[in-house]
Amino acid sequence: MNMNYDEKLKILIIGDSTVGKTSILTRFCKNEFSWNYLATIGIDFFSKDIELTNPNKLIRVKIWDTAGQERFKSLSKSFFRNADGIIIVFDVSKKDSFENLQFWIDSVHNNLGKTNNNNNNNEIEENVKVIIIGNKIDLIREVNKEEGIKYSKESGFKYYETSALTGENVENSFLEFINDILDGNKKKENKKKGIKLNDNKNLINKNNEENWCFC
Ligand code: GDP
Ligand code: MG
């Protein structure tokens, strides 16, 4: 199928191994879940098409998964290149994955921050949106919601909680994030042109089996 996209977004999903990154993407893109350990599956990215109304726009969202290399805590600069958004995931049932968030935030700074890297999160935000997701909320927690909110707020990022298993809040988090990225892009463009726009929250998830694929 040859589609004309009005906009293409590159989103990355990073975080410790086994926190559920691949599962969240599988839930969002295919509405499926698997108990199998998927670390070695080797798929690099998922795609999903999203239709925006008023004005009508077709958006292709490509979400890049780390497919196992996160175990070695070394993600290449090319992985980060031209990213519009980054999702940093931890597992609310595993405290150490929460404690490792700073490592992943630092890796975003190192790869996308300004050269005089002074760890000011707002400096990343200008170019790329970042959110933190606490996944596996269907399990017994080692990290409560307030801790997640507090840490994310201090880091300057929005916070969401999901369960890839039950599907709770997965679609909502992604759509809100995509909307924020598009809003940011629009504002950047209009800042250049000197136009002021009203906020328009008109995302529609096509949610049609034909509209996602492993490319
Ligand atoms: P990744 O290494 O971050 O990509 O993690 P995976 O997506 O491979 O998930 C690791 C394991 O956690 C798998 O066995 C998944 O089935 C399981 N898992 C992922 N998300 C959830 C969740 O929301 N709840 C529960 N209970 N298990 C999950
Ligand atoms: Mg994975």
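Mentor: Sort the shell around ligand 1 by residue type and you get eight nonpolar, eight polar and three charged residues. Keep in mind that this is a predicted model. In all, 19 residues surround ligand 1, and the closest are Gly20, Lys21, Thr22, Ser23 and Leu165. Helix H1, residues 21-30, gives the most to that shell, with three residues.

Now let's look at helix H6, which runs over residues 145-155; its buried residues are Gly148, Tyr151 and Ser152. Seen down the axis of H6, these fall within an arc of 95°, so they line one face of the helix. Why does that spacing work? An α-helix has 3.6 residues a turn, so residues three or four places apart point the same way. Turned away from the buried side of H6 is a face with the exposed residues Glu146, Lys150, Lys153 and Glu154. And what covers the buried residues of H6? Helix H4 (101-112), strand S5 (129-135) and strand S6 (158-161) are among the elements that do. After H6 comes Gly156, with a positive phi near 90°.

Zoom in on Ile86: leaving out residues up to four places away in sequence, Ile86 touches Leu12, Ile14, Val108, Val128 and Val130.

Note on methods
Residues numbered from 1 in each chain as written. Chains lettered and ligands numbered in written order. Predicted model: local features only at pLDDT ≥ 70, side-chain atom pairs only at ≥ 80, totals over all residues. Near = placed C-beta within 6 Å. Helix = DSSP H or I, 4+ residues; strand = E, 2+ residues; numbered from the N terminus. Nonpolar A, V, L, I, M, F, W, Y, C, P; charged D, E, K, R; others polar. Buried ≥ 20, exposed ≤ 12 C-beta atoms within 10 Å, placed from the backbone. Arc of directions from axis to C-beta. Contact = placed C-beta atoms within 7 Å.
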